[in-house]
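Have the structure open as you read.

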Amino acid sequence: MLMLCFKRLLYAVFTLAFVACLVFTVTEALPGDFCTGYLGRSATDNNLALCRDNFGLSQPMQERFLSWSSHLAEGNFGLSLSSGRPVNDELLPRLANTALLGGLAAVLAIPLALLLGMVTAIYRDSWLDNLVSGTTLLAMTIPEFITATLLTLVFAVWLPWFPAITLADAHAGLDVLLPNAWLPALTLVLISTAHMMRMMRSSTIDVLSAGFVRMARIRRIPTASLLLRHVLPAAVLPTITLSAMTVAWLLGGVVIIEQVFNYPGIGTLMISAVYDRDIPVVQACALTLSAIYIACNLLADLGVALLNPKLR
């Protein structure tokens, strides 16, 4: 098991290093630069050259990559071109806000998806199964921004329970941010639950038809004990990887949801940085999201290997 952990960790570090090189290359290949948007109509050749010298953009790409990678190894993403502040000071509060939103959605979505998946598998082809399966399929097919708009119409306009948009800044406290996070979190729950529930339903149906379950029924093991002690551990294994991917998506792929609700997370920070061509911030956001995705993959692999002795 230790060797497996070491190999998986080595693969994760190699993947992260490759992604870092890819992120730097792609962002540097984008057309235009910060000085073009910063100077606007006063972007003459002399002004552009002076601006690029001031911000270090006139250096060769190889030199900037060596400087960027050496600072990155120390956990330093450099300075934001638009604000002049360290990127870490802008990134970390936004990352904490996104973690609050994603964590809230994950705490609600994962148990709900596992419960609905097992119930619909047990009552397969019943009216309950058809109702829940149809609702989840509808949630999977509707685009995220439409789901967010419909929930805003219901829970912010018709039933004024939650604010329609977030007016708090990135440094707002938990008491201010939490009431604004419920509606974006509910949107994420509705979308992510559908995928995990479908996987849990499918794997539970397979387990219920397995031989050891039929033997357990012949031995008259109580239904609750059979489901919780035998069916659930076997059925949840294929769902672990999907749940990890869902958590990674919740923490890193909420750009559209954050933009719809004006939530001060890492997604809105990345979009504003793209508009401003603030490449250090874009690189920091992209690399952070990649690191979250790789970490969730690693934890899912180790979790599956820990629960399934055949994979060790």
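Helices are DSSP runs of H or I with at least four residues, and strands are runs of E with at least two, both numbered from the N terminus. The model is a predicted one, where local features need pLDDT of at least 70 and side-chain atom pairs count only at pLDDT 80 or more, while totals for chains, interfaces and linings use all residues. Residues are numbered from 1 along each chain as its sequence is written, and side-chain values use heavy atoms, with hydrogens and water left out.

**Pockets**

On a 1 Å grid over the protein atoms alone, a pocket is an open set of points where a 1.4 Å probe fits, with protein on both sides within 12 Å along at least five of seven lines; lining residues have an atom within 4 Å of a point. The largest pocket has a volume of about 660 Å³. Its lining counts 27 residues, and those closest to the centre are Phe55, Leu57, Arg64, Leu81 and Pro280. Helix 1 (2–28), helix 3 (45–54), helix 4 (61–73) and helix 13 (279–307) each bring at least two lining residues, with helix 4 giving the most, 5 residues. By class, the lining holds 12 nonpolar, 11 polar and 4 charged residues.

The second largest pocket holds about 160 Å³ of space. Here helix 5 (87–122), helix 8 (174–208) and helix 10 (223–252) give two or more lining residues, and helix 10 has the largest share, 3 residues.

**Cysteines**

A disulfide is taken as a pair of cysteine sulfur atoms within 2.5 Å. How many does the structure hold? There is 1 disulfide, joining Cys35 to Cys51 with an S to S distance of 2.2 Å. The link is left-handed, at -85 degrees about the S-S bond. Cys35 sits in helix 2 (residues 34–39) and Cys51 in helix 3, 16 residues apart.

For the table, buried means under 20% relative accessible area, exposed over 50%, and partly exposed in between (1.4 Å probe, protein chains only).

| Cysteine | Relative accessible area | Class |
|---|---|---|
| Cys35 | 0% | buried |
| Cys51 | 6% | buried |
| Cys21 | 36% | partly exposed |
| Cys285 | 0% | buried |

Cys21 is in no disulfide, and the nearest cysteine sulfur, that of Cys285, is 19 Å away.

Technical notes. Points joined across faces, edges and corners; volume = space filled by probe spheres on them. Nonpolar A, V, L, I, M, F, W, Y, C, P; charged D, E, K, R; others polar.
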